[in-house]
Amino acid sequence: MNYYIVIPAHNEEAFISLTLESLISQTVLPKKVVVVNDNSTDKTAEIVTVFAKENPFITLVNKTSSAIHLPGSKVIQAFHKGFETLDEEYDVIVKLDADLILPNNYFETILNIFEKDATIGMAGGFAFIEKNGEWILENLTDKDHIRGAFKAYRKACFQQIGNLKPAMGWDTVDELLSKFYGWKVVTDATLIVKHLKPTGANYNKTARYKQGEAFYTLGYGFLITGIASAKLAMLKKKPFLFLDYIKGFWKAKAAKTPLLVTEEQAKFIRKYRLKKMKEKLF
């Protein structure tokens, strides 16, 4: 199986060499790695160029966009820019962040997962962050969810879900749509990915409202949004975020923001989410 990787990168000079180092150390190397330098003002591009000279499967693509870091749209637009430069000769496509250290057997394990079961559409490991000198699980999501920082998709699944949506919530809607189309989403607890920059470290107030907007555009409805908002605010240990999320939901509803999914898909998503919530309660 061939796998291609696209890495959106904005001002990642502190971490990107560690990420690329962990990629060129994989037991099964990627066929192609495209790093999209998204408007960086630091040495990101220079570092990638050095790696590309020594590793011909790595290429650099430059993109200009606004410097404002809004979760979702900016990073996926950069992903699209990189993906457009690739051919169709891949079996697995990977969206990777530029602030990760992957274990050396990461992609060998991922490819084995895909090879064992043709109905698996997505696979990934778990994100760990450093706290007081220890690497601990970055506990923001359920154990069956693959973090947006490292998403691997089987080609047929990726094509069926229609690529990645340039909006916040892209890394939830991809999994929900995979399930809508009958694909399995698999996580492997043995794959510990070191996440060097905690999620949301650079988000501003606008971005906080974006989470509520994301819940709306996923077709959650108010009940599921309320539960999901409370859970996320508690996990982040910032209870007042709950209000920001709810405000974002109502803002999106009032603005008639288009959903990321069809009405049929939204119905499936609400049913699936409620089922998962009930399983946790009983």
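The exercises below, each with a worked solution, concern a predicted model.

Residues are numbered from 1 along each chain as its sequence is written, and side-chain values use heavy atoms, with hydrogens and water left out. Because the model is predicted, local features need pLDDT of at least 70 and side-chain atom pairs count only at pLDDT 80 or more, while totals for chains, interfaces and linings use all residues.

**Exercise 1.** Describe how the axes of helix 8 and helix 10 cross, and state which residues make the contact.

Step 1. Helices (H or I, at least four residues) and strands (E, at least two) are DSSP runs, numbered from the N terminus; helix 8 covers residues 221-235 and helix 10 covers residues 263-281.

Step 2. Axes are lines fitted to C-alpha atoms, for helices over the stretch in contact, and angles run from 0 to 180 degrees between N-to-C directions. The axes of helix 8 and helix 10 come within 11 Å and cross at roughly 45 degrees, which makes helix 8 oblique to helix 10. Angles under 35 degrees count as roughly parallel, over 145 as roughly antiparallel, 65 to 115 as roughly perpendicular and the rest as oblique.

Step 3. With contact meaning heavy atoms within 4.5 Å, helix 8 contributes Gly221, Leu223, Ile224, Ile227, Ala228 and Lys231, and helix 10 contributes Arg270, Arg273, Leu274, Met277 and Lys280. These residues of the contact divide into 6 nonpolar, 1 polar and 4 charged, where Ala, Val, Leu, Ile, Met, Phe, Trp, Tyr, Cys and Pro count as nonpolar, Asp, Glu, Lys and Arg as charged, and the others, Gly among them, as polar.

**Exercise 2.** Describe in the same way how helix 6 and helix 10 cross, and which residues meet.

Step 1. The axes of helix 6 and helix 10 come within 10 Å and cross at roughly 95 degrees, which makes helix 6 roughly perpendicular to helix 10.

Step 2. From helix 6, Thr172, Leu176, Leu177, Lys179 and Phe180 meet Glu264, Gln265, Phe268, Ile269, Tyr272 and Arg273 of helix 10. The contact of helix 6 with helix 10 divides into 6 nonpolar, 2 polar and 3 charged residues.

**Exercise 3.** Find which residues of helix 1 are buried, and where they lie around its axis.

Step 1. In helix 1, which runs over residues 16-24, the buried residues include Ile16, Thr19, Leu20, Ser22 and Leu23; buried means under 20% relative accessible area, exposed over 50%, and partly exposed in between (1.4 Å probe, protein chains only).

Step 2. They cover an arc of only 160 degrees around the axis, so they are on the same side of helix 1, the arc being that of the directions from the helix axis to the C-beta atoms.

**Exercise 4.** Decide whether phenylalanine 51 is buried or exposed, and list what it is in contact with.

Step 1. Phenylalanine 51 has its place in helix 2, residues 44-54, and at 11% relative accessibility phenylalanine 51 counts as buried.

Step 2. Leaving aside neighbours within four places in sequence, phenylalanine 51 is in contact with Ser17, Leu20, Glu21, Ile24 and Ile58.
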